[in-house]
Amino acid sequence: MNRGVNETGRSFLNAPWDLHFSGHIFFFSILRSGIQAGFQMRYVVSIAAMLAALGSLAADPQWTHLSSSTGDLPVPGPSTEQTGALVADLDKDGTNDFVLSFRKVAPALVWYRRTAAGWDRYVIETNFLTVEAGGAVYDIDGDGDPDIVFGGDWQSNELWWWENPFPAFDASIAWKRHLIKSGGATQHHDQVFGDFLGNGKPQLAFWNQGAKRIFLAEIPSNPRQAQSWPLTEIFCGEAGAGQNTPFRYPEGMAAYDVDGDGKVDLLAGNLWFKHRGGKKFDPIQIGAIGGRIAAGRIKPGKCPQIVIAPGDGIGPLRWYECIGNPENSKDWVGHDLLDRDMIHGHSLQVADIDGDGKLDIFAAEMAKWSEKAKAPDHPNATAWIFYGDGQGHFRKTVLASGIGFHEARVADLNGDGRMDILDKPYCWEAPRIDVWLQFPPLPR
Ligand SMILES: [Ca+2]
Ligand SMILES: [Ca+2]
Ligand SMILES: [Ca+2]
Ligand SMILES: [Ca+2]
């Protein structure tokens, strides 16, 4: 390894320790010559900031790639269409577990229970159901353990929740399934819990794609006995209709306080919803297209920033910032994260992945969505991590290419406090599951 001070930029990338060392020498040398030459201090400070930004390369996480294809995790099941993925600490031992959903053959839901060094596979729903992508977690019956929600796909008009049997878990005994919705139109791709009505108890917002509507479902007082939940329609329309894109398929949901008034708001498709009191909401368009949507404080400001990916379509991957009134669509300004369109970008998460206190963005593409085809639709599918500097700038890195991603999740999956990545491809090489565990940069 070259330890000289005249390294090229590429050498710096490969030798962060050297950068740190030589960077300090460089900084003090500039500081001295800057003072000697009468440079303005702000010039010196900007060089220091640049060095600090370069120095952050030293903190880039390393990843261990585990896969069911190499025997590192149990194979999810026989289904060749893997739809949903949810992360939650279902057994309340302090470490996350995760749930996968399927729609081709039984079982419809399994969970991976984290053990000391791996995962044990348990079945939640032994029956065959055509479960759609999406899903949500909340303690619906109020008994202290997280329960889960999934909806039916284009073949089903039902939306369900499953009662967590904590602490009596048995790998072969199903959880009790309850109905939230039965009847009406089919397909329920994406749900989120949030107290959007501001009445002190979260509601479940969900897309009903067959109806081109969003409903709010209020948790009944007796959810274990109820045959359905009261529904309120809060939106009707495409929500995702793209400019210069052919797809008009609405999906994607998130909950975040968008206008900074301290109350959580619903985000869906390419919209956010301003609560006007009662059960009335106004949709406000943020982006050109819809798909996957996430929010977070990427940079300082009154409002958080919103990231939108194309989901089940092709379009830009953009983050949006509000430069004025969040209730005015034109005040949401988009910034491209890629120099090309994202192709079936069905994975999108905003999280502080490297733990430096600044939000990062994870976004990944599907490799295959044509179920009957043998070859992948998009063999060069890519998964990126965009490391943020807390000021609206991102450094693009590639986690993986040539692997299909669908509904991937960023979360600490092994309980060591570092964010990991869960990927369950849809039909690419399915059944299959992949996990990237993060560990700190290697000592040099
Ligand atoms: Ca757990
Ligand atoms: Ca519960
Ligand atoms: Ca970060
Ligand atoms: Ca971890």
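In this predicted model, strand β6 (residues 136-138) and strand β7 run antiparallel and are joined by three bridges. The protein chain holds three helices and 30 strands. Of its 444 residues, 44% are buried.

- Strand β7 (residues 147-151) is largely enclosed by the rest of the structure, because five of its five residues are buried.
- Asp147, Val149 and Gly151 point one way from β7, while Ile148 and Phe150 point the other way.

- Alanine 168 lies in the loop between β8 (159-163) and β9 (176-181).
- Alanine 168 has 7 other C-beta atoms within 10 Å and is therefore exposed, the cut-off for an exposed residue being 12 or fewer.
- Aspartate 91 is 77 residues from alanine 168 in sequence, yet the two are 9.4 Å apart in space, C-alpha to C-alpha.

**An open sheet of four strands**
- Four strands, in the order β1-β30-β29-β28, form an open sheet with antiparallel pairing.
- At its edges are β1 (62-67) and β28 (409-411), each of which pairs on one side only.
- From one strand to the next, the twist averages 20°.
- Six bridges connect β1 with strand β30 (residues 434-439) in the antiparallel sense.
- One of the residues involved is tryptophan 63, whose bridge partner in β30 is glutamine 438.

**The nonpolar core and contacts**
- The largest nonpolar core has 108 residues, of which Ala205, Leu267, Ala268, Ile306 and Ala363 touch the most other members.
- Strand β26 (residues 382-388) supplies the largest share of this core, five residues.
- In soluble globular proteins, nonpolar side chains tend to be buried together.
- Apart from its neighbours within four places in sequence, alanine 268 is in contact with Trp207, Ile214, Ala239, Gly252, Met253 and Ile293.
- Across the protein chain, 50% of the contacts with a separation of 6 or more are between residues 24 or more positions apart.

Definitions and conventions: Residues numbered from 1 in each chain as written. Chains lettered and ligands numbered in written order. Predicted model: local features only at pLDDT ≥ 70, side-chain atom pairs only at ≥ 80, totals over all residues. Helix = DSSP H or I, 4+ residues; strand = E, 2+ residues; numbered from the N terminus. Buried ≥ 20, exposed ≤ 12 C-beta atoms within 10 Å, placed from the backbone. Pairing = 2+ DSSP bridges. Axes fitted to C-alpha atoms, helices over the stretch in contact; angles between N-to-C directions. Contact = placed C-beta atoms within 7 Å. Core = buried A, V, L, I, M, F, W, Y, C linked by C-beta atoms within 7 Å.
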